[in-house]
Amino acid sequence: MDSTLQERARATRRSLLEAAACLFAEQGYARTSVNDISARSGRTSGSVYFHYASKEGVALAVVQDRFATWPGLAARYTDRAVPPLERLVALSYDIARALAEDTLTRAGARLWAERDVIDAPLPDPFALWTAAATRLLAQARAAGHLAHHVRPAATARTLVRAFFGLCTLTEALEGPHTVTDRLTDWWQLTLPSLERPVEPAGTAGRARSEAARRAVRSPARRTD
C-alpha cells in the first residue's frame with residue numbers, strides 16, 4: 001500500500017473512531033449501531049467492518065486510543081522540583097478535565113461502565129492511573145511528606161476509585177462543569193489524612209492552578 005492509500009486509511013479509521021466515540025459518549029454502546037457510526041462519520045458501513053470488523057472492535061479501539069495518550073499525560077508530572085503530592089493532585093485535575101470535556105475519554109469511561117454488554121475484553125482503565133498514583137505517593141513518602149500511616153499502593157487504589165466515583169456522581173447530579181470545584185473540595189478533605197501538616201488547602205490550590213496553566217497550553221481535544 002503506497003503512502004497516499006495509507007494516509008487515506010488512517011483518516012478513515014480516525015473518522016470512524018471519533019464518530020463512534022461521540023455516539024458511545026452520548027447514548028451508550030447498546031443504543032449505538034454500526035449504521036449510526038456510518039452515518040455520523042459520513043463513511044459506509046462497509047468501511048466500519050473493513051477497519052474494525054465489528055461494533056465490539058470499534059468499542060475496543062476507542063478504549064485503546066485513550067490508553068495510547070496516557071504516557072504523555074503522566075510524563076507531564078515527572079518534574080522532581082514539584083512536590084509529589086502536588087503533582088498527584090494536579091494530575092487528577094487533568095484527568096477530571098478530560099472526563100468532563102474530551103469525547104474519547106468520556107466514551108471510554110461509559111464503555112467501561114457498560115462492559116457487561118460488550119462482547120470484547122476491555123482493558124482496565126484504572127491500572128495506569130493507579131500505578132502513577134502509587135509512584136507519586138512513594139516519592140512523597142521518600143521525601144518525608146507522607147503521613148506515617150499511609151501505604152502508597154493501598155492508598156492509591158482507594159484514591160483512584162474514590163476519584164472516579166466523585167467524577168461520575170458529580171456529573172450525574174450537577175453536570176460536568178462542576179467537577180473541578182467538587183474535586184477541590186474532595187482534596188481539601190483528603191489531603192490532611194495523607195500528608196504531614198503542610199497547608200493541605202495550599203497544596204490543592206497550587207495543583208489546580210498548575211493544571212489550569214497546562215490546560216491553557218494544551219487544550220483538551222473535542223471531537224463532537
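The largest cavity has a volume of about 40 Å³. A cavity is a set of points on a 1 Å grid over the protein atoms alone where a 1.4 Å probe fits but cannot get out; grid points are joined across faces, edges and corners, and the volume is the space filled by probe spheres set on the points. The structure holds one cavity of 30 Å³ or more.

This is a predicted model, in which local features need pLDDT of at least 70, side-chain atom pairs count only at pLDDT 80 or more, and totals for chains, interfaces and linings use all residues. Residues are numbered from 1 along each chain as its sequence is written, and side-chain values use heavy atoms, with hydrogens and water left out.

First stop: the lining. Select Leu88, Trp129, Ala133, Leu159, Val160, Phe163, Trp186 and Trp187, which line the largest cavity; lining residues have an atom within 4 Å of a point. By class, these are eight nonpolar residues, with no polar and no charged ones. Nonpolar covers Ala, Val, Leu, Ile, Met, Phe, Trp, Tyr, Cys and Pro; charged covers Asp, Glu, Lys and Arg; the others, Gly among them, are polar.

Next, select helices H7 (127-142), H8 (152-174) and H9 (179-194), each of which supplies at least two lining residues. Helices are DSSP runs (H or I, at least four residues), numbered from the N terminus. The largest share, three residues, comes from H8.

Last stop: arginine 115, in the loop between helix H6 (103-113) and H7. The side chain of arginine 115 reaches the backbone oxygen of tryptophan 112 at 2.8 Å.

Note on methods:
On a 1 Å grid over the protein atoms alone, a cavity is a set of points where a 1.4 Å probe fits but cannot get out, and a pocket is an open set with protein on both sides within 12 Å along at least five of seven lines; lining residues have an atom within 4 Å of a point. A polar contact is a pair of N or O atoms within 3.5 Å; within protein, one must be able to donate a hydrogen and the other to accept it, and residues adjacent in sequence count only if both atoms are side-chain atoms.
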